[in-house]
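Please open the model in your viewer and keep the selection panel at hand. The stops below are meant to be taken in order.

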Amino acid sequence: MASVELIKVAKRYGKQSVLHPLDLTIPDGSFTVLVGPSGCGKSTLLRLLAGLESLTEGAILMDQVQINDRDPADRDIAMVFQSYALYPHLTVAENLAFHMQVKKVKREEQQSKIQRIAAILGIDQLLQRYPRALSGGQRQRVAMGRAMVRNPQVFLFDEPLSNLDAQLRMELRAEIKSLHQRFKTTMVYVTHDQVEAMTLADQIVVMQAGYIVQQGAPLEIYDRPANTFVARFIGSPPMNLLPAQLVSHEGVPGVQCQDLWQPLPARWHAVAREHDGKPVTIGLRPHDLREVDNGAAARVNVVEITGESTLLHLDWHGHALHMQIAGRHAANSGDELILGFNSEKIHLFDAETGYRLTESGH
């Protein structure tokens, strides 16, 4: 296990900046997930850690020792790729043993490690098969096993589940989390799937256009997104964002959104008074919208019923909204619903910059 620290790390290809200078600390034994849309720089950052790309500037430290000038083989880091990267002409056992053979590990130790890791990953019955005879999930288990036999200080995962179907993704996600809890090895995991990020991470690092826009514990980021980009990216279905205005009625701070006015909870009062009359963007999670007797009328466009919940896609004054209801709902396309929302759960963002306004107590 090891801690990893990135100091002013940047990557450029000619005049094109892929990563702008950034700082990041990955604690010893943590599970850190780098998440963001395609092209945000998360895979480039992982490749810099592995030594597959060279830094343009900055430094990478492992346990306070600079490693960015070391060859990949000398960094004590193992990487699991999206494409599995197995040797097709070698059996599963030979794939698992390959690195140990290069390092001239004793044969008895090789066999012991292979058997132990194969049993942990449930591939002990597949050791004599070739990769072509394995399913996608089995190949990914072999790729994970090949990294595990090296007993590295840091594991790197580059979107390892994106080629798998939904059921396998769920199973392997739980398996990866279980492995981390068992071995406590420092893990850095790249994904564009925010559900994977929320369920796996101790620390989430949200990236956009080569910058880190927010980092912290999963629920901290979910509950207090730093800006509208994070608010939309973290959460499924995504947060609803609507233009509004801070307006006080009879001395009560509130928010006016189209024809709907709602009082604000006490933690937002100081902000509302300071910015009274100014435009803001309000954020509402889909499960914080609700059907009421007296509120704003919205038209139902699409109804998605999953069994345990219903997701309604609504049109309200030309704004698309998502509303999530526990259980089943009898609404049909074209119906009208009267909407209200849980103002205790409201998020407020600066209308111009998109950054979160700071409520009292934070």
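What follows is a short tour of a predicted model, moving from a sheet to a single histidine and then to the nonpolar cores.

Begin by selecting the four strands that form an open sheet, which run in the order β17-β16-β15-β18 with antiparallel pairing. At the edges are β17 and β18 (336–341), each of which pairs on one side only, and from one strand to the next the twist averages 50°. Next, select strand β15, residues 289–305, together with β18, and follow the seven bridges over which the two pair in the antiparallel sense; within this pairing, Leu-339 of β18 is the bridge partner of Ala-296.

Now move to strand β17, residues 319–326, and pick out His-322. Is this residue buried or exposed? His-322 counts as buried because its relative accessibility is 16%, and the cut-off for that class is under 20%.

For the last stop, select Val-33, Val-35, Ile-123, Phe-157, Tyr-189, Val-206 and Ile-234, which touch the most other members of the largest nonpolar core, a set of 48 residues. Apart from that core lies another, of 30 residues, with Cys-257, Ala-272, Val-280 and Ala-298 among them. Returning to Ile-234, and leaving aside its neighbours within four places in sequence, display its contacts, which include Val-35, Met-198, Val-206, Ile-221 and Arg-285.

Terms used. Residues are numbered from 1 along each chain as its sequence is written. This is a predicted model: local features need pLDDT of at least 70, side-chain atom pairs count only at pLDDT 80 or more; totals for chains, interfaces and linings use all residues. Side-chain values use heavy atoms; hydrogens and water are left out. Buried means under 20% relative accessible area, exposed over 50%, partly exposed in between (1.4 Å probe, protein chains only). Two strands pair if DSSP finds at least two bridges between them. Axes are lines fitted to C-alpha atoms, for helices over the stretch in contact, and angles run from 0 to 180 degrees between N-to-C directions. A nonpolar core is a set of buried Ala, Val, Leu, Ile, Met, Phe, Trp, Tyr and Cys residues joined through side-chain atoms within 4.5 Å. Contact means heavy atoms within 4.5 Å.
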